[in-house]
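Biologist: Please put the model on screen. I have some questions about its fold and one of its residues.

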Amino acid sequence: MKTKRTLRRPLGDASTAFALILLVVLIAVAVLAPVFFGAEAKRINVDIAGLGPSAQHWLGTNQLGQDIALRVLVATRLSLMLAAAATAVSVVTGVLLGAAPTLLGRATGRVVDSVISVSIAFPGLLLVLFLAVIFGVTTGGAVLAIGLAGVPYKARLVRNLIRSVETRDYVAAAHLVGGSRARVLVRHVLPNVAEPLIINAATTAGGAVLSFAGLSFLGIGVQAPAYDWGQLLNEGQKTLYVNPLAVVGPGIAVVLAGLALNILGDSAARRFALGDVAPELARTIASTPPATALNDLPHEAVALQVRGLAVTYRGAARQVHAVRGVNLTISRGEAVGVVGESGSGKSAMAMGIAQLIERPSVVTADKMRLSGMDLLSDSSNVARHLAAELTIVFQDPMSSFNPVRRLGRQLTDGIRFHERVSRSQAVARLVTGLERVGIRNASSRVADYPHQFSGGMRQRAMIATALTQKPSLIIADEPTTALDVTTETQVLEYLGEVRADTQAALLLISHDLTVIRRACERVVVMYAGRVVEDLPVDQLATHAAHPYTRALIDAVPTIETDRDRPLRPIPGRVPDLTKDITGCSFANRCPFVSARCRDEDPALVTVGDAHRVACWHPYAPALAHATQSDVTVTSGGDHD
């Protein structure tokens with residue numbers, strides 16, 4: 001069936017079938033011709049030297065009376081073997097160099113990138129000739145010259161492809177569950193760049209055939225008494241005007257071999273890149289040290305405790321202070337919603353807690369504990385603890401799954417790894433979870449690839465995967481964005497049931513206040529990387545004290561909203577987080593700003609039962625609960 005699908009690829013049935021047949025014929029000739037015609041092709045007969053084409057000698061004979069047609073057939077083996085050897089040198093070395101920064105770190109990566117860039121500056125042909133002279137005028141030297149000359153281009157291709165994949169959410173999740181750099185590279189990254197690499201390898205093989213022909217034609221490739229197509233071209237050019245077919249024969253062989261390899265490259269890539277090339281995670285479980293320390297962790301009432309969390313994204317020219325001193329505590333079984341405009345630091349805070357912020361960006365905190373373990377310690381168990389106790393539902397369902405692995409295989413990895421259950425048990429739990437989030441025929445759909453699911457189905461599958469495990473904390477970043485209202489209700493109900501069954505805490509990030517009200521008991525409002533208000537969700541409409549929180553509420557229409565009145569947008573812009581902010585970050589947009597707001601940054605203080613706000617002028621609903629003497633309560637004007 002795979003062969004049939006391969007022949008139906010975009011290059012067309014006729015051309016792909018032709019190339020496949022041609023390559024099979026070339027391989028057969030390479031295997032059989034030396035056996036049947038090898039001795040005859042070497043036989044010297046000066047009586048028939050220099051003859052033109054005839055029925056006995058289709059391409060004529062050379063100056064020693066050897067049959068040129070037979071020599072072209074026999075030369076197929078050496079020509080293809082040398083091209084394959086040079087391609088292997090080029091691809092293997094290129095992949096190793098391109099993957100070196102991922103395996104060894106950024107410092108090594110910069111050195112490798114510099115070496116690759118300098119090497120690419122040399123023209124390919126010049127580099128081949130230079131290396132051929134260095135390695136010597138031998139067949140082995142020609143293999144190394146052609147193979148190594150293609151390494152810089154392969155390494156650059158591999159490096160760029162890996163960069164495009166290693167930032168995907170499923171790669172981050174693989175690191176989160178404790179996968180080593182090598183395992184993540186082999187399991188998740190390389191399979192996703194297999195298609196262009198296979199295409200490029202086929203093109204390289206076709207180019208290597210031509211390169212060897214060129215070197216041998218120049219006399220610095222294959223040396224007598226051995227011969228390949230290039231050496232036959234060299235011999236034929238001496239009698240070009242007397243017997244043109246002496247050149248045409250080996251020339252056509254070079255063209256046909258290159259054509260077959262290039263056409264089949266695309267078909268082969270599409271066929272193999274969609275296979276389950278990654279090994280089973282279960283094979284590595286036996287070699288993984290048991291997490292005995294995890295079972296001894298105390299089961300405290302607090303699931304997550306964060307103090308002074310800061311996340312700074314560092315680029316080449318600037319750095320962004322995405323999160324600036326966040327304090328957050330979530331109890332077991334509690335659902336906390338996080339709201340705020342885009343760029344307010346919600347996702348950055350979540351990724352900082354999960355330790356998924358990559359260098360050179362920096363995550364710092366005074367305290368960060370998850371289910372009793374200090375995440376800031378140097379213990380080797382931190383990564384395993386995060387993998388077992390924390391589950392993330394990423395915002396982008398498209399980048400959350402490995403596209404070359406079937407959903408059932410990748411969605412059960414976490415269950416099998418942490419709970420040591422069989423594949424059938426893991427699949428059964430997954431099927432139940434998929435059915436709970438509204439995916440029909442779940443038992444058969446687990447064999448599908450991610451591209452066979454719609455965006456909403458991928459989102460639901462991702463949610464089901466997260467909830468089939470038994471974490472202490474679930475971080476859900478916009479989990480219902482791609483869902484319709486009915487499915488959204490199902491997912492929120494499922495979230496509530498899982499929390500009730502497992503006492504897992506929930507950190508739900510959303511722009512939708514309605515979703516927060518339905519799923520959470522507490523709401524945290526973030527602005528410009530800071531928490532500006534924290535209050536029970538049932539008090540959101542009546543006791544919200546910060547002007548920014550009130551502005552968010554007023555910007556959302558309800559059934560009671562007067563349709564004749566325009567919605568109230570929040571004027572101004574979020575401050576530039578690449579610069580230091582003096583005073584309150586909301587000062588330039590607040591209607592109640594004072595000189596104190598511009599000079600002093602308000603702390604997050606208690607103004608009521610389970611209610612905290614960072615504002616010098618909170619709204620009137622907090623007046624009865626205010627406990628901080630230096631907080632000036634404002635009437636709130638029309639917002640009150």
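**Contacts, sheet and one arginine**

Modeller: In the protein chain, 66% of the contacts with a separation of 6 or more link residues 24 or more positions apart; contact means heavy atoms within 4.5 Å. This is a predicted model: local features need pLDDT of at least 70, side-chain atom pairs count only at pLDDT 80 or more, and totals for chains, interfaces and linings use all residues. Residues are numbered from 1 along each chain as its sequence is written, and side-chain values use heavy atoms, with hydrogens and water left out.

Biologist: Which strands are the edge strands of the open sheet of eight strands?

Modeller: The order is β7-β8-β9-β3-β10-β11-β13-β12, with mixed pairing. Strands are DSSP runs of E, at least two residues, numbered from the N terminus; helices are H or I, at least four. Two strands pair if DSSP finds at least two bridges between them. Pairing on one side only marks the edge strands, β7 (390-393) and β12 (605-608).

Biologist: In β8, what is the bridge partner of Thr391?

Modeller: β7 and β8 (residues 473-477) run parallel, joined by four bridges. In β8, Thr391 has as its bridge partner Ile474.

Biologist: Why does Arg436 count as partly exposed?

Modeller: Arg436 lies in helix α19 (residues 423-436). Beyond its neighbours within four places in sequence, Arg436 contacts Gln490, Tyr494 and Glu497. Buried means under 20% relative accessible area, exposed over 50%, partly exposed in between (1.4 Å probe, protein chains only). Arg436 counts as partly exposed because its relative accessibility is 38%.
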